[in-house]
Amino acid sequence: MLLGQVPEAVVWAIYFAPVASTLLITAGLIARRLFGFAFHDAWAGRLTILAIFISFLAALWALDSSIGADGEALGFEPHLWLNLFDLHIEMGVRIDGLSAIMAVVVTSVSLLVQIYSVGYMHGDSGYARYFAFMSLFTAAMLGLVLASSLLQLFVHWELVGLASYLLIGFWFHRPSAAAAAKKAFIVTRFGDFAFLLAVLLIFGKTGTFDIHEINELALAGALSSSVLVGFTLGLLSGAIGKSAQFPLHIWLPDAMEGPTPVSALIHAATMVVAGVYLIARMFPSFEAAPAEVLDLVAYVGGFTALLAAVLGLVQTDIKRVLAYSTISQIGYMVLALGVLGYVAAIFHLFTHAFFKALLFLGSGSVNHATHTFDMRRMGGLRSYMPITYVTFVIGALSLSGVFPLAGFWSKDEILLDAWKYDKLLFVIGVIVAFMTALYMFRAIFMTFWGEYRGGEEPEAGHDDFSTHPHESPPSMAFPLMILAVPAVLAGLFALGSDFTHLIEGSLPAELRHGKPSIEGIVVAASLVAALAGIGVAAAVYLYRNPASEAVAARLGPLPGIVERKYYLDFLAETVVVRWILNAGLQRIADLFDRYVVDAIVNGIGTATRLAGDGLRRAEAGYVQAYTSLFFIGIVIAVVVVALLGTDVVSR
Amino acid sequence: MSVELAHYLTVGAMIFGVGIAIALAKRNAIAVLMGVELMLNGVNLTFLAFSRFGGAFDAADAPLAGHVFVVFVLTVAAAEAAVALAMAVLIYRRRETVDLDRINLMRW
């Protein structure tokens, strides 16, 4: 602990700095449009970088304080935000080991991505808008991480979804980007809906949104197991949507339509790990729930990891390889949570954020040089772009889990936890590790080795990239080099127990497990799997260098199935959307609307009209007729009073 | 046989009944007005009978209450007759009829 205890205002500054830059850029753009205010595009980039740099420094201070507090929550009181009759909604910040680490990861990766974006987005017509969205996204993610109440978390969760929609569809004039943005937004909404139900359920049962209180109540056994099952399954659904786990993973590969730095920030390092963070944040509730829930978490993660890794093998688009790799690695983290590997999951999240951001930015750098993402049109780039090449290989080695890079340590901890918990999940983990190495090095060999295959065919009036791919500008190369450092070194935290201590500090004392003991067989299996993957990739793609058609022909019908993504997109789009939603639910809703809702509305109208028609005849305008009725009424009243006595009215 | 309260009340009710029958049945506005006058006078007779014989309240408290009411009713009836007859004359000038069924300008 180098500095004093972080004041609450500084913690809020982590969140409000990017909020401020979002608002300033938006205001600048509006002022430019309306009043001709000279808001220069470059200011947007600088403002964003400055704001996130402030956040980063504040997050470091928060982490420092958190280390000083052994990862325990720093005890900031929540503030009353909304007071409505009996409803008191509070907002606050919670800094403990988990959120401090997350805040540092988000701000540091985001900072580097923003610096990189200055080069990558240079000259784009939506430059300022891009940075406004990026600030908004970072703010939303930080709000999510720092939230002390579930409601606050949920609001920022949705803001993150909104920002990702805006960023994926950043080049909205491309129909594929607009469609991908919609797909990402709508698919995740399925999960978000269940999440919202879970939040409402738990609020109905406990009357509080406070994360800490809910976890305490769950651990104390104050909630029935059925409530806990509903609650945790709702959270899991939200996580499945946001973190692109099976069966809601289909949005993530399409989301690669956005600018590459967006993919690096959102779809690698931060947004997609929001689901993992959510489960980790509510981990005591998950542990208090029946064990089957955690088993389900583990198997959803394991299955997704395996499924996505296979898909990663057949992609020809370098960004899609990375996209499936992300799904697969997040599956790993979810698996880790399911096998009680709380620390391992967060540790992997931590290391993965760096090397995956590195890989995405590397692929963006490659794209900057060749103007294509198609690996079949790359090749031989290592001599043209040495910095990109070296850093990309470092990222890939780290992701593959080669000793002693960061990915090795975090993957190993997950495998250790899986080994202790369930041998089947361990086997899945090892297979995934093998395939991870295979697809990553397949990508490297296709992209950087062999002969250059020409890049994008030059369009009229554009530079010809077909002969001279070049290294990217310094603003892009610099973040690559910076990110390579944690991609190598971040794993060394595994050697001591400080990281474990810090992360576990955010859990109640009875849930802390300490560091798992090292099992020789686990380490050996993971290393062998990684090296075997690299070896197979080298054997197939470096020495034989086959056309992908030839590989496909060897394997029979399998590649066809895989290439069609196991028909999951078909299942989602045709069966679920077109048949079940459109033809089924929508039709039922349509019929219900027409024959029940409309019938009631029209029926009320018709009945009123008919009644009016009938009663109109009584109102004929014959005053004498009215008077007759009036008189008859009086006579009846008098007779009634006479027969029943004068107290008839009061009776 | 002396004339009791019941006799006065019966006559009053009869006059009132004849009045309302005319008011409800006649089409001629003037006739209707006459019916209304009859109804008022039926009520006047009832007031006077109660005032004279005593009724629901002790006549000693307000010995002339019934009579005062009758004077009021007569006054109001005179005013009402003046206004109503003036209207009838006006309507007749304009539409050449005082048939109530045909005075239907404001009907829906």
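What follows is a chat about a predicted model with chains A and B.

Me: Let's start with chain A. How many helices and strands are there in chain A?
Reply: Chain A of this predicted model has 25 helices and two strands, and its C-alpha atoms fill a box of roughly 115 × 65 × 60 Å along the principal axes.

Me: And what share of chain A counts as buried?
Reply: Of the 651 residues in chain A, 51% count as buried. As for its contacts between residues at least 6 apart in sequence, 82% join residues that are at least 24 apart.

Me: Now the strands. How many bridges join strand 1 of chain A to strand 2 of chain A?
Reply: Five bridges join strand 1 of chain A to strand 2 of chain A, residues 87–91, and the two run antiparallel. Within this pairing, His79(A) stands opposite Met91(A) of strand 2 of chain A.

Me: What happens between the strands of that hairpin?
Reply: There are two residues between strand 1 of chain A and strand 2 of chain A, and in this hairpin Phe85(A) takes a positive phi near 50°.

Me: How many of the six residues of strand 1 of chain A are buried?
Reply: The count is zero, so strand 1 of chain A, which spans residues 79–84, is hardly covered by the definition of burial used here, 20 or more other C-beta atoms within 10 Å.

Me: Switching to helix packing, at what angle do helix 10 and helix 15 of chain A cross?
Reply: Helix 10 (residues 260–269) and helix 15 (residues 342–370) of chain A cross at roughly 160°, and their axes come within 9 Å. Because angles over 145 degrees count as roughly antiparallel, helix 10 of chain A is roughly antiparallel to helix 15 of chain A. Their crossing is right-handed.

Me: Which residues make that contact between helix 10 and helix 15 of chain A?
Reply: On the side of helix 10 of chain A, the residues are Thr260(A), Pro261(A), Ser263(A), Ala264(A), Ala268(A) and Ala269(A). From helix 15 of chain A, the contributors include Ala353(A), Lys356(A), Phe360(A), Leu361(A) and Asn367(A). By class, this contact of helix 10 with helix 15 of chain A has eight nonpolar, five polar and one charged residues.

Me: And helix 14 with helix 17 of chain A, how do they pack?
Reply: Helix 14 (residues 318–338) and helix 17 (residues 406–421) of chain A pack at an angle of about 40°, with their axes 9 Å apart, which makes helix 14 of chain A oblique to helix 17 of chain A. Helix 14 of chain A passes helix 17 of chain A in a left-handed crossing.

Me: Which residues are in contact there, and of what class?
Reply: Tyr332(A), Leu335(A) and Ala336(A) of helix 14 of chain A meet Ile414(A), Asp417(A) and Ala418(A) of helix 17 of chain A. By class, the contact between helix 14 and helix 17 of chain A has five nonpolar, no polar and one charged residues.

Me: OK, on to chain B. What is its secondary structure?
Reply: Chain B has three helices and zero strands, and its elements run α-α-α from the N terminus on. Buried residues make up 12% of the 108 residues in chain B, and among its contacts between residues at least 6 apart in sequence, 52% join residues at least 24 apart.

Me: Where does Arg52(B) sit, and why does it count as partly exposed?
Reply: Arg52(B) lies in helix 2 of chain B, residues 29–53, and Arg52(B) counts as partly exposed because it has 13 C-beta neighbours inside 10 Å.

Me: How far is Arg52(B) from Ala31(B)?
Reply: Their C-alpha atoms are separated by 31 Å, with Arg52(B) and Ala31(B) 21 residues apart along the chain.

How values were computed. Residues numbered from 1 in each chain as written. Chains lettered and ligands numbered in written order. Predicted model: local features only at pLDDT ≥ 70, side-chain atom pairs only at ≥ 80, totals over all residues. Axes fitted to C-alpha atoms, helices over the stretch in contact; angles between N-to-C directions. Helix = DSSP H or I, 4+ residues; strand = E, 2+ residues; numbered from the N terminus. Parallel < 35°, antiparallel > 145°, perpendicular 65-115°, else oblique. Left-handed = near helix turned anticlockwise from the far one by under 90°. Contact = placed C-beta atoms within 7 Å. Nonpolar A, V, L, I, M, F, W, Y, C, P; charged D, E, K, R; others polar. Pairing = 2+ DSSP bridges.
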